[in-house]
Amino acid sequence: MAPPLGNGVHTTGYRHRHSRRAVLAGVAALGALGAAGCSRVPTASATNGGDLLDRLRAQGVVRLGIAGEIPFGYIDKDGRLTGEAPELAKAVFKRLGVDTVQPVPTEFGSLIPGLNSQQFDVVAAGMYVNPDRCAQVIFADPDYQMLDSFIVRKGNPKGLHDYEDVVAKKARFATGTGYAEIQYAVDAGYEESDILIVPDQVAGLNAVEAGRVDVFAGTALTAREVVKKSAKAEATAAFAPLVDGRPHVDGGAFAFRSTETKLRDAFNTELRKLKKSGELFRILRPFGFTKAEMTDLTAKELCGG
């Protein structure tokens, strides 16, 4: 359990009915870049934890499934692969003897199917670990943890600090397509049919600024980053949503095919070294992550045991 969150934070036993985050615009335009030069990898042998790591070392290239989302994994304006997960992938796979990473952009909801159909070798999209996904893939330990935050009008006139406030004060509520925050609001008692669903955090900020909603819910990272240049809106303090009456924290991690335990374990070994040395934080900090988002959570905890 991660020290920055204190005691009582609930991390297991919760099945999200909604996907990790919405996909930002532009994924389709990235498809040609990611697909170029890709060849289908033969089915991995499950013997001794799979042989994908050996094959990646031999070919010198690992294909990363990304969802085109800032700051988690995207192609920047100069056509360069970047984001917290790709930059971490570059560091870890170089240590594993694989010098080149190649992006394969897809929609967020297609990441696990694409991984299991061998369209790419690993999911590098900051994907939240939860029991539903753990039944389909195996995860490395989380490289970050994340709380929620609200985008509200300057001064937070309605005093909205958590989902219970939103329900009690009958606030007009918005969040993003496929966001886990949909379920958090519903669990707090908000009618799902009353939620305004928008494409992403930029659209959410616009909705708050225009007065169409009182609050937009997203991750603490995306909320605080998107309001930086706003004269009309601000981000609330980060908070843990309640799940089964207990504070819950999400953790994002790399995902691998279930047969590839050897690759997952090797990845975890290098990830632990990066955490211990402080290099992980140096990699993630340029993308808006703070020390509060560094974590000692494990995939086992988030998978439910």
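## Around L64

Leaving aside residues up to four places away in sequence, L64 touches L81, P86, A89, V101, Q102, P103, V104, F120, V122 and A124, where contact means heavy atoms within 4.5 Å. Keep in mind that this is a predicted model, where local features need pLDDT of at least 70 and side-chain atom pairs count only at pLDDT 80 or more, while totals for chains, interfaces and linings use all residues. Residues are numbered from 1 along each chain as its sequence is written, and side-chain values use heavy atoms, with hydrogens and water left out.

Buried means under 20% relative accessible area, exposed over 50%, and partly exposed in between (1.4 Å probe, protein chains only).

## A mixed sheet

Five strands line up as β10-β9-β11-β8-β12 in an open sheet with mixed pairing. Strands (E, at least two residues) and helices (H or I, at least four) are DSSP runs numbered from the N terminus, and two strands pair if DSSP finds at least two bridges between them. β10 (196–198) and β12 (233–235) are the edge strands: each has a single partner, so one side of each is left without a neighbour in the sheet. From one strand to the next, the twist averages 25°.

β8 (residues 148–153) pairs with β12 in the antiparallel sense over three bridges; V152 has E234 in β12 as its bridge partner.

## A buried glutamate

E293 sits in the loop between α11 (279–284) and α12 (299–303). Is E293 buried or exposed? With a relative accessible area of 6%, E293 is buried. A polar atom of the E293 side chain lies 2.9 Å from the backbone nitrogen of T290. Not counting residues up to four places away in sequence, E293 touches Y144, Q145, M146, R224 and G288.

## Where two helices meet

L52, L53, D54 and L56 of α2 meet K262, L263 and A266 of α10.

Terms used:
Axes are lines fitted to C-alpha atoms, for helices over the stretch in contact, and angles run from 0 to 180 degrees between N-to-C directions. A polar contact is a pair of N or O atoms within 3.5 Å; within protein, one must be able to donate a hydrogen and the other to accept it, and residues adjacent in sequence count only if both atoms are side-chain atoms.
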